[in-house]
Amino acid sequence: LSALFHFIFMHLFSVTFTVSCPDQTIGAHFGKDMILQCKLEPSVDAINMEVRWFRTDFDDPLHLYRNQKDDASTQNIAYRARTELLKDDLTRGIISLNLKNIQVTDEGSYTCFVDAKTWYEEAKLEVKVTGFNEPELELHGYELSGFYYGIRLLCRSEGWYPKPEIHWTNENGEKLMWSESKIEENPEGVFTVESYINVIKGSGNIASCVLQNSFPTTAKTSINISAKWGHNWHPY
């Protein structure tokens, strides 16, 4: 009888809710911070609940909050000192986790798990990481390109993810030829790009270095080469 009474009591008076993520796919910038967020419906106070953010392994969380405090005893070592649960949001049923210094390895799926002891729910979201910097252009000399006198330009950019493609264009959007490019990946998984091109007279007045990746991100820097034949040049 007591067991039945306990079941009825828990059924009638337990807190029930659903968990959802406002944004199921989030873009994150390499080296920056981001907020992972889920929310409870209805917006019940979660300050006394267990909150767990994890990737693929429930028992290997990137952040665990229980007994009204953060618990780092089982935290994944890759996330030590990189996570902060925003406690003020908990009272409004919002689970906000600040993830610091985004890395390429942070890309992928995350689960927000909330447990009120008598009821639990979870929701998932996906993080897409990107990184880029505007390319820098410089005059790298003058030389012969076959039988033609050309200007040699260097385009360089670092901190790219995913891996970018690079091409050169003139002011009409036409691709310029005779370029050689090198793309290298560093230990953090981001890419540095260097590209040289020999621009011959008559190719156009503006040369542009264009980088783009699958995120999609596009970055473009242009210079005015019309005056360079007199050995004077300036950024466009």
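This is a predicted model: local features need pLDDT of at least 70, side-chain atom pairs count only at pLDDT 80 or more; totals for chains, interfaces and linings use all residues.
Reader: Which residue of E8 is the bridge partner of Glu84?
Author: Strand E7 pairs with strand E8 (residues 94–99) in the antiparallel sense, over 3 bridges. The bridge partner of Glu84 in E8 is Asn98.

Reader: Is Pro135 buried or exposed, and at what relative accessibility?
Author: Pro135 occupies the loop between strand E10 (120–130) and strand E11 (136–145). Buried means under 20% relative accessible area, exposed over 50%, and partly exposed in between, with a 1.4 Å probe and protein chains only. Pro135 counts as buried because its relative accessibility is 4%.

Reader: How far apart in space are Pro135 and Leu211, C-alpha to C-alpha?
Author: Contact means heavy atoms within 4.5 Å. Leaving aside neighbours within four places in sequence, Pro135 has contacts that include Cys155, Cys209 and Leu211. Pro135 and Leu211 are 76 residues apart in sequence, and their C-alpha separation in space is 7.8 Å.

Reader: To which backbone nitrogen does the side chain of Asp115 reach?
Author: Asp115, in strand E9, is buried yet has no salt bridge, and the nearest side chain of opposite charge, Arg52, is 7.5 Å away. A salt bridge is a side-chain nitrogen of Lys or Arg within 4 Å of a carboxyl oxygen of Asp or Glu; Lys and Arg count as positive and Asp and Glu as negative, while His and the chain ends are not counted. At 2.7 Å, the side chain of Asp115 reaches the backbone nitrogen of Lys117.

Reader: What is the omega of the cis peptide bond between Phe215 and Pro216?
Author: Pro216 is in the loop between strand E16 (206–213) and strand E17 (217–224). The peptide bond from Phe215 to Pro216 is cis, and its omega is near 10°.

Reader: Where is Pro162, which is joined to Tyr161 by a cis peptide bond?
Author: The cis bond joining Tyr161 and Pro162 has an omega of about -10°. Pro162 is found in the loop between strand E12 (148–160) and strand E13 (165–169).

Reader: What is the phi of Trp178?
Author: Trp178 is in the loop between E13 and strand E14 (179–185). Trp178 counts as exposed because its relative accessibility is 57%. Its phi is positive, in a residue other than glycine, and is near 60°.

Reader: Which residue in the turn of the hairpin of E14 and E15 has a positive phi?
Author: E14 and strand E15 (residues 191–200) pair in the antiparallel sense over 7 bridges, with Glu184 opposite Thr192 in E15. The hairpin has 5 residues between the two strands, and the turn residue with a positive phi, about 90°, is Gly189.

Conventions: Residues are numbered from 1 along each chain as its sequence is written. Side-chain values use heavy atoms; hydrogens and water are left out. Helices (H or I, at least four residues) and strands (E, at least two) are DSSP runs, numbered from the N terminus. Two strands pair if DSSP finds at least two bridges between them. A polar contact is a pair of N or O atoms within 3.5 Å; within protein, one must be able to donate a hydrogen and the other to accept it, and residues adjacent in sequence count only if both atoms are side-chain atoms.
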